[in-house]
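This report goes through selected local features of one protein model. The sequence and structure come first, and the notes follow.

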Amino acid sequence: MEWVQQFIEGPDRSEASALVESVIDALCEIKDVGFGTTLGEPVLVALPVRRVALPDGKVVAIGDHRIESGAGSEHLVPEVDETATETLIDFLDSFEGPAVLTGAPALSPKGRWIGDGAMASALRRALTLSGVFDPVTLEWSTSEVNVAFINDWFGLADNASSTESTSGPDTSQLRVAKAAAGSRMVVEAGPGAGKTHAACERVIALVQDEDLAPSRILLLSFTRVAVAELRARIAQRLQDVPNVAALQIRTFDSFAARMLTASNSTFPGGYDAAIQAAARLLRSDDPLVADAIGQLEHVIIDEAQDLVGDRKELCEALVSLLDTSCGITVFGDFAQSIYGYQQRDKSSSTFLTEIAQRDDFISDRLETDHRTKTVALREMFRAVRGTLRDDQRGSREGYFNVREQIKAAALENEITRFAAHSSTTRGLILTRSRRGLFTAAEAMRSTGRRFRLRLPDRPLRIEPWIGAILGAHQASESISRDAFGGMHEMLFPAAVRDVDESWEILLDLDGSGRDSIVVGRVADGLTEPPLELLSDHEGNAGPLLSTIHAIKGREDQRVMLLLTRAPHGETVDWGEEARALYVGATRASTELRTGWISPVKFYTTGKPERYWAARSDHRLIEIGLESDLLDWREFLHSGHVINEAETIARIWQASIEEPKVVAIPDSEGRLILRFEDEDGFAIGALSSDFAEMVQSIRQVAPDATPPELISGISVVGATTVVVPGNAGELPGLALTPLLGGFARIPR
C-alpha cells in the first residue's frame with residue numbers, strides 16, 4: 001500500500017487508498033493472488049489460473065494475471081471464452097465455513113448490503129466472482145440467474161416448497177366440496193389440480209353445511225405427511241366445532257391397525273399383514289365390525305389409482321360394508337397410477353378403475369391447474385396427459401413420446417454432473433429406482449454436498465429436540481416453564497422451534513392440563529407420536545432426494561429428474577414406465593431439468609431388504625434401517641456410556657453437523673459407533689442382527705472375529721426415542737442417532 005500510494009494524488013487520496021486496499025483484500029480472499037512473506041517482507045504471489053463456470057453460463061478466470069480484463073472494466077475478475085475447470089459450487093465448497101447465513105435478507109440482482117453486521121466473507125467471494133462488486137461500498141450487480149443461485153446457496157431466499165393456491169376454491173373444487181353428503185362420486189384430480197384443497201373443503205362442507213358429526217367422517221390417504229397436512233388444515237378451519245378431534249383422518253395402514261386393535265384381533269407383524277387381516281375382518285360378518293362401519297356417514301378415499309393388491313381389497317371390503325346412505329368421495333388420477341408392480345395378479349385393475357365403472361358412482365373432475373408457473377410446464381402437463389390417455393395399454397412408442405415431451409419442457413437436459421450443478425442447491429432430485437437413488441446420494445456425498453434423503457423404510461423420526469432437552473432426566477421429574485426455558489436456551493446448536501412453541505407441544509404431549517410437565521407423561525404421549533412431530537426424510541439441509549414412488553403428493557418449484565437408459569426386455573410395463581416419468585416431471589411448478597445417471601450395480605440381501613455391493617478390497621452395505629441400532633437401554637448397559645447427558649449432547653450436535661462415524665468391536669464383540677476424531681466418543685452400538693448381516697456379507701461364520709473397523713457410516717440426523725420403564729413406571733426419553741449411506745466392510 002505504501003508503494004501504491006505514491007501514485008495517488010489529490011484530495012481523494014485517502015478514499016482511493018481504501019479502495020485499493022479493499023480490492024487487494026478481495027483478490028486475496030478469492031485466491032486470485034496469493035500472499036505471504038519473503039525475507040521478512042510481505043509479498044503478493046501469482047497463482048495458477050482457474051476458470052469458474054457461473055450459474056448463468058458465463059465463465060470467469062482467477063489467477064495467473066496474464067489475462068486482460070479490458071480498460072475501464074468494473075469486474076474484479078475477467079470473463080473468458082474458455083472451458084471451465086470448475087463450477088461456482090466447486091469454488092465455494094473449497095473454502096471452510098457455513099453455507100447458510102441465518103437471518104440475512106434475500107439479494108436482488110442489483111443492490112447494496114443492508115444486513116445486520118458485516119457481510120460474510122463467503123458471500124463476498126460469491127458476489128466478487130458473479131458480477132460487478134464494490135468491496136468498499138458492498139454494492140453489486142449480477143444476473144438474475146446468479147443471484148437466485150446465491151440466495152439458494154446461502155439460504156437467503158424463501159424456499160417454501162408448497163405452491164398450491166391458498167385462495168378460495170375454484171369452481172370445480174367448490175362443486176365437489178358442496179355435493180350432497182350422501183352422493184357417491186369419483187373425482188379425477190391431475191397434478192396441481194388442488195386435490196388436497198378440495199378434500200379439505202369437502203370435509204368442512206360436510207360438517208358445517210350438512211351437519212355431519214366429525215366422528216362419522218372417515219378420510220383415508222397414503223402417507224403420514226398427507227394425513228398431517230389434511231388434519232392441520234381442517235383443524236384450523238373447524239377449530240370452533242365441538243368434537244372436531246373425532247374426525248377420522250388416517251393412513252390406510254393406520255386405519256387397518258386401529259380396526260384390528262379395536263376388535264382385539266391378533267395378526268403377524270408388518271404393514272402388509274395388518275392390511276390383509278383388516279380386509280378379512282371386514283368380510284367376516286362380525287356384527288360389531290359391521291355396526292362400527294355402519295355408523296359412518298361419509299368416506300373419502302385418496303390416491304385411488306395406487307390402491308392395488310391388499311389395499312385395493314381392503315377398500316373394496318370397506319365400501320361393501322358401508323350403509324347404502326353413506327356418501328363416498330374417491331379422488332384419483334389414471335395418469336399417476338404407478339404401483340402396478342405390487343399386484344399379485346399383474347392385472348391393470350386398480351380400485352380407481354373398478355369403482356369408476358359402477359353405476360352408483362358419478363364422475364367429476366378438478367379442472368384448474370394451480371401448480372405450474374410457466375407456459376412450457378403447463379403445456380407439457382396437458383400434452384403428456386393426452387398421450388397417456390390415448391395409449392392406456394402402454395407401448396414403447398408412447399413411453400419415448402412422453403420422455404421427449406418432458407425433455408422439451410425442461411430448461412436443461414441430460415446434465416451429467418448434477419451434484420455440482422447450480423440448480424441442485426434446493427428442490428427435488430428424483431430417480432426412477434432405488435438403485436438410482438443410492439447412486440445419486442453417493443454422488444452428492446462424495447462431493448461434500450449436503451442433502452436430504454427420502455427413504456420410507458427407516459426408523460420413526462421424532463423431532464430430536466425433545467430427546468435432546470429431556471433425555472437423561474428421570475421419568476418422574478416435573479419441569480416448570482422457567483426451568484424448561486433455561487434448558488432450551490442451553491441447547492447447542494439451538495433448536496429450530498422457539499421456546500414458546502416447544503413448551504406448548506410438550507404441554508399437549510403431557511396432557512395433564514397443568515402448567516408444568518412430567519418427563520414420563522411426555523414420553524407416554526410419544527408412544528403414538530403426533531404426525532406433526534414426525535419427519536419423512538433424513539438430513540437437515542439441501543435438496544430432497546427421492547424415488548418417484550416415494551415422493552407422491554409432494555411438489556417443489558424446482559425439480560431435477562434423473563433419467564437412465566430406457567428399460568428393455570419383454571416384460572416391461574411401458575405404460576407404467578411412462579406414467580412414472582409423468583409423475584416425476586409434474587412435481588415441478590417452475591423449473592424442470594433432466595439429468596443423466598447410470599445406476600450402480602447393487603445386490604440385495606436380508607429381511608427387510610437392503611442393498612450391498614462388492615469391491616476389490618471391501619464390501620459396501622446399506623445402513624440405517626429400523627433394526628440396525630441397539631436400543632438405548634442396552635447401549636446404556638454396554639459400559640460405553642459414562643455420562644448419559646453428555647452422550648445425548650454429542651448425538652444432538654452430530655445430528656446437526658452430520659459427521660462420519662466408525663464401528664469398532666469391543667471386548668464382547670459388539671460394534672460400537674464412535675466419532676472418527678481423536679477422542680472416539682461412543683454414541684451408539686450396532687445391533688446383533690446387523691452384526692450378523694456383516695458376517696454374512698464377509699462370508700464368515702456369525703461367531704467369527706468381527707472386522708477391526710467398519711467405516712463410511714454417516715450420521716444423518718437423530719430421533720427422540722421412548723425408553724420403556726420398569727413394571728408400573730412411566731417411560732423415559734433419550735436421543736439416538738440416525739445412520740445413512742453405505743458402511744464399508746473390509747474383506
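## The six-stranded sheet

What is the order of the strands in the open sheet of six strands, and which pairing does it have? The order is β15-β22-β21-β16-β20-β17, and the pairing is parallel. The edges are held by β15 (412–415) and β17 (452–453); each has a single partner strand, so one side of each is left without a neighbour in the sheet. Strands are DSSP runs of E with at least two residues, helices are runs of H or I with at least four residues, and both are numbered from the N terminus. Two strands count as paired if DSSP finds at least two bridges between them.

This is a predicted model, in which local features need pLDDT of at least 70 and side-chain atom pairs count only at pLDDT 80 or more, while totals for chains, interfaces and linings use all residues. Residues are numbered from 1 along each chain as its sequence is written, and side-chain values use heavy atoms, with hydrogens and water left out.

Within this sheet, β16 (residues 428–431) runs parallel to β21 and is joined to it by three bridges. Leu428 has Val559 in β21 as its bridge partner. Ser546 belongs to β20 (residues 544–547). With a relative accessibility of 0%, Ser546 counts as buried; the classes are buried under 20% relative accessible area, exposed over 50% and partly exposed in between, with a 1.4 Å probe and protein chains only. Apart from neighbours within four places in sequence, Ser546 is in contact with Ile429, Leu430, Thr431, Leu437, Arg454 and Ile551, where contact means heavy atoms within 4.5 Å.

## The three-stranded sheet

An open sheet of three strands has mixed pairing and the order β4-β3-β5. Here β4 (59–62) and β5 (86–87) are at the edges, and each has a single partner strand, so one side of each lacks a neighbour in the sheet. Strand β3 (residues 50–53) and β4 run antiparallel and are joined by four bridges. Arg51 stands opposite Ala61 in β4.

## Helix α9

Which residues of helix α9 (residues 252–262) are buried? They are Phe252, Asp253, Phe255, Ala256, Met259 and Leu260. These residues lie on the same side of α9, because they cover an arc of only 165° around the axis; the arc is that of the directions from the helix axis to the C-beta atoms. An α-helix has 3.6 residues a turn, so residues three or four places apart point the same way.

The buried residues of α9 pack against β10, β11, α10 (271–282), α11 (287–294), β12 (298–301) and α12 (309–321). Thr261 and Ala262 are exposed on the other side of α9. Just after α9, Asn264 has a positive phi of about 60°.

## Loops and backbone exceptions

Most residues other than glycine have a negative phi, and most peptide bonds are trans. Asp211, in the loop between α7 (195–208) and β10 (217–221), has a positive phi near 60°. Asp211 is exposed, at 66% relative accessibility. Asn243, in the loop between α8 (224–237) and β11 (248–251), has a positive phi near 65°. Asn243 is also exposed, with a relative accessible area of 52%. A cis peptide bond, with omega about -5°, joins Phe492 and Pro493. Pro493 lies in the loop between α18 (481–490) and α19 (499–510).

Thr223 sits in the loop between β10 and α8 and is partly exposed, at 24% relative accessibility. The side chain of Thr223 reaches the backbone nitrogen of Ala226 at 3.0 Å. Thr223 and Arg250 are 27 residues apart along the chain, and their C-alpha atoms are separated by 8.8 Å.

## The second largest pocket

The second largest pocket holds about 560 Å³ of space. It is lined by 22 residues, and the closest to its centre are Ser433, Arg435, Thr564, Arg565 and Pro599. The elements that give two or more residues to this lining are α15 (396–409), α16 (434–446), β21 (556–563) and α21 (574–585). The largest share, three residues, comes from β21.

On a 1 Å grid over the protein atoms alone, a pocket is an open set of points where a 1.4 Å probe fits, with protein on both sides within 12 Å along at least five of seven lines; lining residues have an atom within 4 Å of a point. Grid points are joined across faces, edges and corners, and the volume is the space filled by probe spheres set on the points.

Definitions and conventions. A polar contact is a pair of N or O atoms within 3.5 Å; within protein, one must be able to donate a hydrogen and the other to accept it, and residues adjacent in sequence count only if both atoms are side-chain atoms.
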